[in-house]
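Please look through the following structure before reading on. The explanation goes through it part by part.

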Amino acid sequence: MSLKITMIGVSGTGKSCYLYATYFRMLEGIGGFNFSCKDYNQGLDLQDAWDMMLDEGVWPAGNAESANFDFTCFYRGKSIGDFEWLDYRGGILLEHEDKENDNEVAQFLRRAETSDALLVCLPADRILSARPGEDKKQGNQWRSMAARLQQIVGGVVKRNPSAALIFLITKSDMCKKPDDGRFCVETVKKSFQQYFYGTPEHVMIAVTRMLEKTKTEETGDAQETVKFEQREKIVGTVEPYNVHLPILFPFYLHTVAAAQEFEAKARSARGEERDFSRRASSERAKSWWGKFWTGQYSQYYDDRASDRAKIASNCEQKARELQGVADEIWNELNGRVDIYCRGECVANASGVR
Ligand SMILES: Nc1nc2c(ncn2[C@@H]2O[C@H](COP(=O)(O)OP(=O)(O)O)[C@@H](O)[C@H]2O)c(=O)[nH]1
Ligand SMILES: [Mg+2]
């Protein structure tokens, strides 16, 4: 099993930085969970990009090419599954699909539609520009970004309603005023409202950032940009926040589904066990005359019953283990993100209903 995770968002919305930060944060691990990159060289590249941020204090250069990364997710040192993470070049959102020649856009759309989770990156500064009283032109930029993403999200949801839809509010260190964070979540819910009624089944809103949030100010300007040898210098302290949660969410859904499958198998094995035991008893209850004519098969049925009992208890054990992992993931998520399950809000960290 390898979960497919696809990140979408226009250029400069923080997709690649989010990937580097998550890799770095999850090498060390959080709450018993950790990730590792399957390919040694890819792991080094991710590490180099992150080191550049930490050591040299500059943002990494944008990636001109799309790239797919293979990871394994561990819980307490034991693998709970693999995942593939596609970080594509955001410019693709501006290009046309060419189905006949199966161009990169066509391949990207296909991949998005067969993903287990779609991560939609929405930068806080862009969302905040839609505040009433802000520059009208900038506010329209948010609306046009949201509309462009609607096209893709709508297609994915229609063809694959079981994919988890995750809205990532990136660069949340740019939320300076006390209610900026709340405004971002409210705006995302309003702009993408049709996805919060039950289709797709699972939706998340996660607020993430790469930098430590500076003290709340009454009036704050967007992060200033300082160039450093062609690279943008980081202003602030690098401190990734909430980055692992959107990746753990598809694992949560997958683990709960696997636990339910084992429970169903256990129930059916228990049913068969009861059937065979009943037959063994009726064999034993036969009269000597019945036994004489048709034989006595109680041992045969007893063996079958104990065979089914073993299968059932193995499945019950597996279901308990998986449910235990799912509960641990839930403890990580609950209180830190908003989650909607079949249209109902089941976790609420933002206070936005
Ligand atoms: N303030 C702030 N800026 C960020 C953050 N993440 C990314 N950026 C800025 O956004 C730029 C683009 O990020 P990148 O991850 O390359 O975007 P991508 O094109 O979507 O992959 C970076 O060079 C940074 O200047 C963040 O958490 N906070
Ligand atoms: Mg990028």
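The model shown here is predicted. Begin with the division of the protein into domains. The domain assignment gives two entries: domain 1 covers 2-242 + 336-347, and domain 2 covers 257-331. Domain 1 is therefore written as two stretches of the chain, with domain 2 numbered between them. If the centres are taken over C-alpha atoms, domain 1 and domain 2 are separated by 47 Å.

Next comes the sheet. It is an open sheet of nine strands, and their order across it is β2-β3-β4-β1-β5-β6-β7-β12-β13. The pairing in this sheet is mixed. At the edges are β2 and β13 (344-347), each of which pairs on one side only. Strands that are neighbours in the sheet are turned against each other by 25 degrees on average, direction ignored.

Helix α1 packs on this sheet. Its contacts are with β1 (2-8), β2, β4, β5 (117-123) and β6 (164-170). The direction of α1 makes about 115 degrees with that of β2.

The β2 end of the sheet can be followed strand by strand. Strand β2 consists of residues 33-37 and strand β3 of residues 67-75; the two pair in the antiparallel sense, over five bridges. Two of the residue pairs can be located in the model. Phe33 has Tyr75 in β3 as its bridge partner, and Cys37 has Phe71 in β3.

On from β3 comes strand β4, residues 78-87. Here too the pairing with β3 is antiparallel, over nine bridges. Asn68 stands opposite Leu86 in β4. How many residues lie between β3 and β4 in the hairpin that they form? There are two residues between these strands, and Arg76 in the turn has a positive phi of about 50 degrees.

The last part is the ligand. Which residues are closest to ligand 1? Of the 20 residues that surround ligand 1, the closest are Lys15, Ser16, Cys17, Trp59 and Met210. By type, the shell around ligand 1 divides into five nonpolar, ten polar and five charged residues.

Methods
Residues numbered from 1 in each chain as written. Chains lettered and ligands numbered in written order. Predicted model: local features only at pLDDT ≥ 70, side-chain atom pairs only at ≥ 80, totals over all residues. Near = placed C-beta within 6 Å. Nonpolar A, V, L, I, M, F, W, Y, C, P; charged D, E, K, R; others polar. Pairing = 2+ DSSP bridges. Helix = DSSP H or I, 4+ residues; strand = E, 2+ residues; numbered from the N terminus. Axes fitted to C-alpha atoms, helices over the stretch in contact; angles between N-to-C directions. Contact = placed C-beta atoms within 7 Å.
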